[in-house]
Amino acid sequence: MATKIIYFVVDGKNEQAEFRSDDFSDDLKETFRSAAEAGPHDILKLYNVKGNLVNISPRLPENTPQTRYKLEVVATQCNDAPTGTELGVDFSAIESRLGKLEKKVFVENGEMPPLVLDLQNKVEHFKEKLQSVDHLSWLGLTKEISSGTSLQPFWDKQQSIRKTEEHNRNVFEKFRKMLQVDVTDEVREYLRKPTFDNWQWDDPEMLILLRQMYIDLNLVSNLNIEMPILHNWLYEIYRNYNQVPFHNFKHCFMVAQMMYGLTWLIDLPSLLDDIDIFILLTSAICHDLDHPGYNNAYQINAKTELALRYNDISPLENHHCSVAFEVLEKRHCNVMRNFSKDQYKRVREGMIRCILATDMAKHNEILSNFKSCTPSFDFNNKDHKALLLMVLLKIADISNECRPLDVAEPWLECLLQEFFNQSDIEKLEGLPVAPFMDREKVTKSSSQIGFIKFALLPLFEALGQLFPVIEKDIIGPVRNALDYYTDMQRALEEEKKKKDAESSKNGITKSNSQNTVPV
C-alpha cells in the first residue's frame with residue numbers, strides 16, 4: 001500500500017507525518033493531534049500555503065518541505081461549560097412551577113392564555129441559550145473558516161436552524177388573530193387539489209388550513225378533538241420544525257396537503273375509519289419534526305447523538321416520532337386527550353409505523369410487500385391496511401413532482417441546496433459523499449431522472465393498481481415530469497458536446513499555427 005509524506009509546521013516547529021491512503025480520517029487526525037500536543041476534544045485547522053483551509057483526511061494532497069501546511073489548534077473544547085444548575089438555575093423547579101401554573105390558569109374551554117405560552121417560550125429560549133456554544137465565542141469557535149471556499153462555518157450560531165422566539169411569537173399572534181376567520185368554500189375546494197400552490201401562503205395561514213383539514217374530514221367532531229387544544233398543538237408543531245432549506249414547516253404542510261388531497265381523491269373515508277384517517281393526516285404533519293437538514297447517512301457516518309441513540313436504525317425517523325409524542329404529552333397540546341386507551345394505542349402504533357416507513361432505506365421492501373398484496377387486497381386485513389397507510393404517507397412525502405412545474409421546481413432547488421450543504425460539510429469532515437448530493441457532480445435533471453424512474457413511478461403506479469382514479473391527477477404529472485427532466489438532460493448533453501467539439505477544434509487550430517515554419 002502506497003504511503004504519503006505530509007510536511008507541516010505547528011507552533012513554529014517543522015514536522016512531517018507518514019500515512020497510508022487507506023488509513024482512516026480519525027487515525028490521521030490523531031497523528032496531527034499528537035504533533036500539536038492537543039487533547040482529544042481540541043479543534044484543529046490545517047491551512048495550505050495560500051492560507052486556505054484544507055480537510056484533514058487520507059485524500060490530503062502530498063506536498064514538499066517548501067510547501068508545508070500550517071497546523072493550528074484553534075480552541076480547546078470547554079468540557080466544563082456552565083450548566084443551568086451551576087449558574088443557580090434549577091430548570092426542573094421552574095418547569096414544575098410552570099406546570100402547576102398551567103393547571104391553575106387552564107381555562108374551562110381548554111384555551112391556554114397567551115401569557116402562559118409566552119412564559120413557556122421564554123423558559124425554552126433560556127434553556128437553549130445556556131445549552132448553546134454562544135458562550136464559547138471568545139475561544140474562536142465562531143471564527144470565519146470559509147476563506148477560499150464556499151463553506152460557511154458549521155458551528156456558526158448566526159446560521160442557527162432554530163427559529164427565534166420573536167419569530168414564533170409573531171406567527172402565534174397572527175395565527176391567534178385569524179382563528180375566527182372562516183375559510184371560503186373556494187379555498188376549501190382548492191385545498192383538496194394536487195395543484196395547490198404553497199408559495200402563495202404564509203405560515204399562520206397554513207396553520208389555519210391545517211386546522212381546516214381536521215374540520216372538513218369530521219375528525220374534530222367525530223373524535224371529540226377540542227378546538228383550543230388543536231390550536232395549541234398546531235402551533236407547537238410549527239415551533240418544532242427548523243429553518244432548513246427543504247425539511248421545514250412548509251414541507252410538512254405540503255405533505256399533509258397531498259395526504260388530504262389523496263384522501264378526497266380516493267374517498268378514503270368510505271374505506272377507512274376515523275382513526276386511520278387521523279393517523280394519516282397527523283403522521284404527515286409530524287413526519288419530519290426537528291429535522292436538522294442532514295440525512296441518515298450523515299448521522300451514521302458522523303456518529304451523531306441521534307445515530308448513537310437509535311443504534312444507526314432510521315435515526316431521523318425515530319427522532320421525528322419521539323418529538324411528535326413529546327409534544328402530544330403536553331397537556332395543552334394533547335389532541336388525543338379524549339381518545340380511549342385502545343384508540344390512543346392504535347394511533348401511536350400507526351404513526352410510528354408510518355413515519356418510520358418514510359426512511360428511503362426501507363423503500364424497496366415496503367414497495368415489494370405492497371405489490372404482493374395488491375391483487376388480493378383486503379381492507380379487513382390488518383396487515384394489508386397497515387401497508388396501505390405506509391404507502392400513502394410515502395407517496396405524500398415525495399409527491400412534489402405531481403404538482404405544476406412552477407410549484408415543484410422551487411422545491412427541487414430547496415432540496416438540492418440542503419443536499420449541497422450536507423456534502424460540503426461531509427467533504428470538510430472527511431466523510432463519504434453521495435454523488436447525487438455533490439454540487440460538483442449533480443444537476444437538476446440528473447438528480448430527478450433516476451429518482452422518478454426508479455422510486456416515484458413504481459410506487460405511484462403500484463397505488464394506481466389499487467386505485468385507478470389517481471392516474472390523471474397523480475401518476476400522469478409524474479410521467480410528464482420525467483419527460484421534462486429527460487429533455488433537459490438531453491439538451492445539457494448536446495450543449496456539452498458542442499462545447500467540447502469547439503474546444504477540440506480551437507486546440508487543433510492553435511497547435512497547427514504553432515507548428516507552422518516561417519518561410
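**Notes on the aromatic pairs and nonpolar cores**

1. A word on confidence to begin with: this is a predicted model, and its chain has an average pLDDT of 85, with 80% of the residues scoring at least 70. Please go carefully with residues 75–89, where the pLDDT is below 50; in the model this stretch has 22 contacts beyond near neighbours in sequence. Residues 130–158 also have a pLDDT below 50, and that stretch has 52 contacts beyond near neighbours in sequence.

2. Now to the cores. The largest nonpolar core has 109 residues, and the members that touch the most others are Y214, W233, F278, F370, F460 and L463. Helix α9 (residues 249–266) gives the most to this core, with 11 residues. There is also a second, separate core of 17 residues, which includes F8, L28, A36 and I56. As background, nonpolar side chains in soluble globular proteins tend to be buried together.

3. How many aromatic pairs does the model hold? The count comes to 20 aromatic pairs. One of them joins F8 and F32, with 4.9 Å from centre to centre and 55° between the planes, and it is tilted. F8 belongs to strand β1 (residues 3–10) and F32 to helix α1 (residues 25–36), so this pair ties together parts that are 24 residues apart in sequence. F8 counts as buried because its relative accessibility is 1%, under the 20% cut-off. F32 is buried as well, with a relative accessible area of 1%.

4. Another pair to look at is F278 with F339. Their ring centres lie 5.3 Å apart and their planes are at 65°, so the pair is edge-to-face. F278 sits in helix α10 (residues 274–286), while F339 is in the loop between α13 (315–328) and α14 (341–356), so the pair ties together parts that are 61 residues apart in sequence.

5. What does F278 touch, leaving aside residues up to four places away in sequence? Its partners are Y214, L219, L223, I225, S283, V335, M336, F339 and V347. Y214 and F278 are both among the residues that touch the most other members of the largest core.

6. Finally, a cluster and two charges. Y190, F196, W201 and F253 are linked into a cluster by ring pairs. R192 has its charged end over the ring of W264, 3.6 Å from the ring centre. The charged end of R348 sits over the ring of F325, at 4.6 Å from its centre.

Methods
Residues numbered from 1 in each chain as written. Heavy atoms only, no water. Phe/Tyr/Trp six-rings, centres within 6.5 Å; stacked < 30°, edge-to-face > 60°. Helix = DSSP H or I, 4+ residues; strand = E, 2+ residues; numbered from the N terminus. Buried < 20%, exposed > 50% of the residue type's maximum accessible area, 1.4 Å probe, protein only. Lys NZ or Arg CZ within 6 Å of the ring centre and 35° of its normal. pLDDT = per-residue confidence, 0-100. Contact = heavy atoms within 4.5 Å. Core = buried A, V, L, I, M, F, W, Y, C linked by side-chain atoms within 4.5 Å.
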